[in-house]
Amino acid sequence: MASYNLLLLPGDGIGPEVMAEVKKLIDLFNKKGIAKFSYEEGLVGGACYDAHKVSITDATMAKAEAADAVIFGAVGGPQWDKVPYEVRPEAGLLRLRKDLGLYANLRPAVTYPALADASSLKRELVEGLDIMILRELTGGVYFGEPKTITDLGNGQKRAVDTQVYDTYEIERIGRVAFELARQRGNKVTSMEKRNVMKSGVLWNEVMTDLHAREFKDVQFESQLADSGGMQLVKNPKQFDVVVTDNLFGDMLSDIAAMLTGSLGMLASASLGEVNPKTQKRKALYEPVHGSAPDIAGKGIANPIAMIASFGMALRYSFGMGKEADMVDAAISSVLAHGLRTGDIAAKGEATVSTAEMGQAIAEEIETAAS
């Protein structure tokens, strides 16, 4: 039986609540003998700042380096708004991404049949939707230097952020996009702002050359990112794999999330390079929804994105495609049976708790695995 070592980082807000539902699945997989998962837990974000005055410790980073995969909850909350910038909760997640070399962020946006009416858009626009937003995660304006605020005197300040991309960074994320498309609908849409940004000019040039050189069999198009955002809400099913930079990917993936009905439905995987010796890659899996401090501690958070993120770990880190399909099918089944957390419930519709939704999904998986 295969054995895997996980690092669980629940974080802040609703992070610990939704992570508890992933632990149910880990225990189930161990009990059924499907695989052997061992795990450690660590602090990250505001919880880590409260304990250690940093957003992630070196010891936890070492555990992340050693783990077969990191399962991440969420970080942040208003109680940490005034902490020093370099130790803010989000800095822990950024360090994980940077130090582990997690350059490829996969964010699937799938509309489950039972939730087509929960989308902000008309049913016919989103029914059957299955697109992948691929975001470059370790370059661009979030990491570029200089990054400063300068006091100019006379009550004036100047803020500078720097958008930087090298050819190799664009090529490697582009290669992931084309390879993903070959396994899906065989179409890649690259989005940037080449009309006003030099980084966009280079991005378009590199993507176009890569397509012509290595991936002529894949349909390829380029769109300006602002127009692409409009097209995502006008006609989302025209897309298959959308690849873009760190900043635009952050925004476009949140737009794609709402096509599905709720941020609570959107999982993500952040992947590094494949180690040529071990054929393994560093990876972190997290829901897109954030810490949702307004509902933290109430037991009403939607755990589906967290559970689906674990499903992505099964698929992309452990080669357990059959089991990942079981997770996806279990989610679809409980939704088809009418279970809803508050974020995806129609007005007047009965709702279930975080734990009830997680338990129902676990029971569906157990039945399928029997």
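I number helices (DSSP H or I, at least four residues) and strands (E, at least two) from the N terminus.

**Ground rules.** I am reading a predicted model, where local features need pLDDT of at least 70, side-chain atom pairs need 80 or more, and totals for chains, interfaces and linings use all residues. Residues count from 1 along each chain as its sequence is written, and side-chain values use heavy atoms, without hydrogens or water.

**Entry 1: largest pocket.** I searched a 1 Å grid over the protein atoms alone for pockets (open sets of points with protein on both sides within 12 Å along at least five of seven lines) and cavities (sets where a 1.4 Å probe fits but cannot get out); lining residues have an atom within 4 Å of a point. Volume is the space filled by probe spheres on the points, joined across faces, edges and corners. The largest pocket comes to about 490 Å³. I find 21 residues in its lining, with Pro108, Val110, Asp130, Arg315 and Asp328 closest to the centre. Helix 10 (304-316) is the top contributor, giving five residues. Strand 4 (104-110), strand 5 (130-136) and helix 11 (321-336) also supply at least two each. I sort the lining into 13 nonpolar, four polar and four charged residues. Here Ala, Val, Leu, Ile, Met, Phe, Trp, Tyr, Cys and Pro are nonpolar, Asp, Glu, Lys and Arg charged, and the others, Gly among them, polar.

**Entry 2: second pocket.** The second largest pocket holds about 380 Å³. Leu93, Arg97, Arg107, Glu286 and Val288 are the closest to its centre, out of 20 lining residues. Strand 3 (69-74), helix 4 (89-99), helix 9 (246-259) and strand 12 (281-287) each give two or more. Helix 4 gives the most, four residues. I count nine nonpolar, four polar and seven charged residues in this lining.

**Entry 3: Arg97.** I picked Arg97 from that lining. Arg97 sits in helix 4. Is Arg97 buried or exposed? Its relative accessibility is 6%, so Arg97 counts as buried (under 20% of relative accessible area is buried, over 50% exposed, in between partly exposed; 1.4 Å probe, protein chains only). Beyond four places in sequence, I see Arg97 in contact with Leu102, Arg107, Arg135, Leu137, Thr138 and Glu286; contact means heavy atoms within 4.5 Å. Thr138 is 41 residues along the chain from Arg97, yet their C-alpha atoms are 6.6 Å apart.

**Entry 4: helix 11.** I checked the length of helix 11 next. Its 16 residues should span 22 Å at 1.5 Å a residue, and the end C-alpha atoms are 22 Å apart, which agrees (the expected span uses one less than the number of residues). Its buried residues are Glu323, Ala324, Met326, Val327, Ala330, Ile331, Ser333, Val334 and Leu335. Helix 1 (15-32), helix 10 and helix 12 (354-369) are among the elements covering them.

**Entry 5: helix 3.** Helix 3 (58-66) buries Thr60, Met61 and Ala64. Asp58, Ala59 and Ala66 are exposed on the other side. The buried residues pack against strand 1 (3-11), strand 3 and helix 4.

**Entry 6: cavity.** I find one cavity of 30 Å³ or more. The largest cavity has about 30 Å³ of space. Gln163, Tyr165, Met197, Ser199, Gly200, Trp203, Asp245 and Phe248 line it. Helix 7 (198-214) has the largest share, three residues. By class, the cavity lining splits into four nonpolar, three polar and one charged.
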